[in-house]
Amino acid sequence: MNLMDLMKNRFSARKFIVGKEVAPEMQKQILEAGLLAPTARNAQPFRFYVAGAQVSEEVIQKCTRANFHAPLNILIAVKKEEAWVRVIDGWNAAEVDSAIAATQMMYMAESLGLGSCWVCAFSPEDAKKAFGLKEDEIPISILSIGYKSEECEPGPLHSQRKNIDDVVMYVK
Ligand SMILES: Cc1cc2nc3c(=O)[nH]c(=O)nc-3n(C[C@H](O)[C@H](O)[C@H](O)COP(=O)(O)O)c2cc1C
């Protein structure tokens, strides 16, 4: 499948096959896809915390109500002091870097025939504890990943894309 088809087919998956785990080799490919992300000054200021099938349910329950019972949850955290900072205004690239990594992981999962949902509606404090982050690491997003169940379908927001003319401005 080419990249455009992959992007057109992807939707946030919120129902997964119970008991069907994501094989370690697939997990590895997803994590590698994250590490291959471009980052400002190649700083790679992220950390990936992996909650596999044995612990996922317990870990997720502790930090969010957005629990889709996925067998794999990857929390993407950042260490802000490792990131590139724009001198002119002090802007820190850590969160953008982490979002690119998460996006690459999301599409890697998709290309492996898995579904995923990007979750930010969690308690940062509880997520830090549940996933075991260090003091100076900030949780940014959680990717819930697994095999889509038969009832899994796109949510109501999925098809609500803006018109391309409303978001693209040609500079003259
Ligand atoms: C930064 C970010 C945060 C999100 N947080 C959540 C979330 O907490 N819970 C959830 O169910 N979906 C979450 N989503 C998924 C979006 O709701 C979803 O991508 C959007 O509605 C478009 O639907 P689609 O992914 O099916 O195309 C998040 C997505 C992004 C990019």
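Author: Gly 113 follows α4, and its phi is positive, near 85°. The model is a predicted one.

Now the buried side. The buried residues of α4 are Ala 94, Asp 97, Ser 98, Ala 101, Ala 102, Met 105, Met 106, Met 108 and Ala 109. An α-helix has 3.6 residues a turn, so residues three or four places apart point the same way. The list of buried positions in α4 includes Ala 94, Asp 97, Ala 101 and Met 105. Asp 97 and Ser 98 are buried too.

What do the buried residues of α4 pack against? One helix is among the partners: α2 (24–35). The strands are β1 (46–51), β2 (72–78), β3 (115–119) and β4 (138–146).

Take β2 next. In β2, 7 of the 7 residues are buried, so the strand is largely enclosed by the rest of the structure. Leu 72, Ile 74, Ile 76 and Val 78 point one way from β2. Asn 73, Leu 75 and Ala 77 point the other way. Residues on both faces of β2 are buried.

The pairing of β2 comes next. β1 and β2 run antiparallel, joined by 6 bridges. β2 and β4 also run antiparallel, with 7 bridges between them. Asn 73 shows both pairings. Ala 51 stands opposite Asn 73 of β2. In β4, Ser 144 is the bridge partner of Asn 73.

Step back to the whole chain. The protein chain has 6 helices and 4 strands. Along the sequence they follow the pattern α-α-β-α-β-α-β-α-β-α. The radius of gyration is 17 Å, close to the 16 Å that the globule rule gives for 172 residues, so the chain is as compact as a globular protein of that length. Its C-alpha atoms fill a box of roughly 50 × 45 × 30 Å along the principal axes. Of the 172 residues, 33% count as buried. Among contacts between residues at least 6 apart in sequence, 79% join residues at least 24 apart.

Last, the ligand. The residues around the ligand include Cys 117, Trp 118 and Val 119. Phe 11, Ser 12 and His 158 are also among them. The shell divides into 9 nonpolar and 3 polar residues, with no charged ones.

Terms used. Residues numbered from 1 in each chain as written. Predicted model: local features only at pLDDT ≥ 70, side-chain atom pairs only at ≥ 80, totals over all residues. Near = placed C-beta within 6 Å. Nonpolar A, V, L, I, M, F, W, Y, C, P; charged D, E, K, R; others polar. Helix = DSSP H or I, 4+ residues; strand = E, 2+ residues; numbered from the N terminus. Rg over C-alpha atoms; globule rule 2.2 N^0.38 Å. Buried ≥ 20, exposed ≤ 12 C-beta atoms within 10 Å, placed from the backbone. Contact = placed C-beta atoms within 7 Å. Pairing = 2+ DSSP bridges.
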